[in-house]
Amino acid sequence: TMTTPSLADHQPEKNIKEALRPFIGEMADAILDPESLANKLYSNGLIPRPLLVDIISTSGLRNTLKSMHILKQVETMLTTSRNPIGVLKTFCRALSADPALKPFISRIEDKIGGTPLVRITSARTTGTIAKCQQCCVTEDDISTIVTRAINAAEYWYLLGAALGVQPTHLNIIENKHLRPGNRFAQVITVWITTNSSPTWQKLTNCLMRLAPLNLTDLGMELKREFCKDCCCIII
């Protein structure tokens, strides 16, 4: 049986690595909330933490300049990554949350020959999250999670940003706790106490979407153990 290669397989790597270049100026003008975009990109490993902190904390810099810094960093990731198509897909998923930026996705797809970069989910997969005792992570589970996260604790800030923990909370955690394991535990604690439905599905799906392999492996391990009979529906 012959396997039909995907469009991405036929794209010269140079086309993918240069896919953003023609649109950077336009995108920088169109990005209205660079802080939100930076948070999403940081949570997926596309921009470094110092840049995220600069974007969030610098109040005198115009949005267009902040956006330009973000886009230049993503372009650098594209040119240096061993998996540029993966970087491009992750970036376009972040763009898809903003209606003003969605048109750029199709233009980028055209630039690389029509390769789809964002998966379209059907209405069936966008159900509400069921909250039940079986599915929810509780404070009693934190020690179990931290024990499993021994090789992933250094990524506590990345996980916190991906789970939606506010930068102010993350800064407080960093100032109060020195050890990565304690910081990791505090991130989970804040997420549980501030989230209306802190489910195992949410946590494991988030971990598995993050770039560092230690976080991905942790997400898979927790999912195998705690999500066997989970009733939650997560996109």
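Begin by selecting helix 4 and helix 7 of this predicted model, where Leu37, Lys40 and Leu41 of helix 4 meet Phe91, Ala94 and Leu95 of helix 7. Sorted by class, this contact is made of five nonpolar residues and one charged residue, with no polar ones. Turn the view until you can follow both helices, residues 34–43 and residues 84–95, and you will find that their axes come within 10 Å and cross at roughly 145°, in a crossing that is right-handed.

Next, select Leu20, Leu41, Leu88, Phe91, Ile108, Phe184 and Leu203, which are the residues with the most contacts inside the largest nonpolar core, a set of 66 residues. Stay with Leu88 for a moment and show its surroundings: leaving aside residues up to four places away in sequence, Leu88 touches Ile16, Ala19, Leu20, Leu78, Ile108, Ile112 and Leu117.

Now move to Thr199, which lies in the loop between helix 12 (180–194) and helix 13 (200–209). Is Thr199 buried or exposed? Its relative accessibility is 0%, and therefore Thr199 counts as buried; its side chain reaches the backbone nitrogen of Lys202 at 3.0 Å.

Finally, select helix 13 itself, which is largely enclosed by the rest of the structure because seven of its ten residues are buried. The buried ones to highlight are Trp200, Gln201, Leu203, Thr204, Asn205, Cys206 and Leu207.

How values were computed:
Residues numbered from 1 in each chain as written. Predicted model: local features only at pLDDT ≥ 70, side-chain atom pairs only at ≥ 80, totals over all residues. Heavy atoms only, no water. Axes fitted to C-alpha atoms, helices over the stretch in contact; angles between N-to-C directions. Helix = DSSP H or I, 4+ residues; strand = E, 2+ residues; numbered from the N terminus. Left-handed = near helix turned anticlockwise from the far one by under 90°. Contact = heavy atoms within 4.5 Å. Nonpolar A, V, L, I, M, F, W, Y, C, P; charged D, E, K, R; others polar. Buried < 20%, exposed > 50% of the residue type's maximum accessible area, 1.4 Å probe, protein only. Polar contact = N/O pair within 3.5 Å; in protein donor to acceptor, adjacent residues only side chain to side chain. Core = buried A, V, L, I, M, F, W, Y, C linked by side-chain atoms within 4.5 Å.
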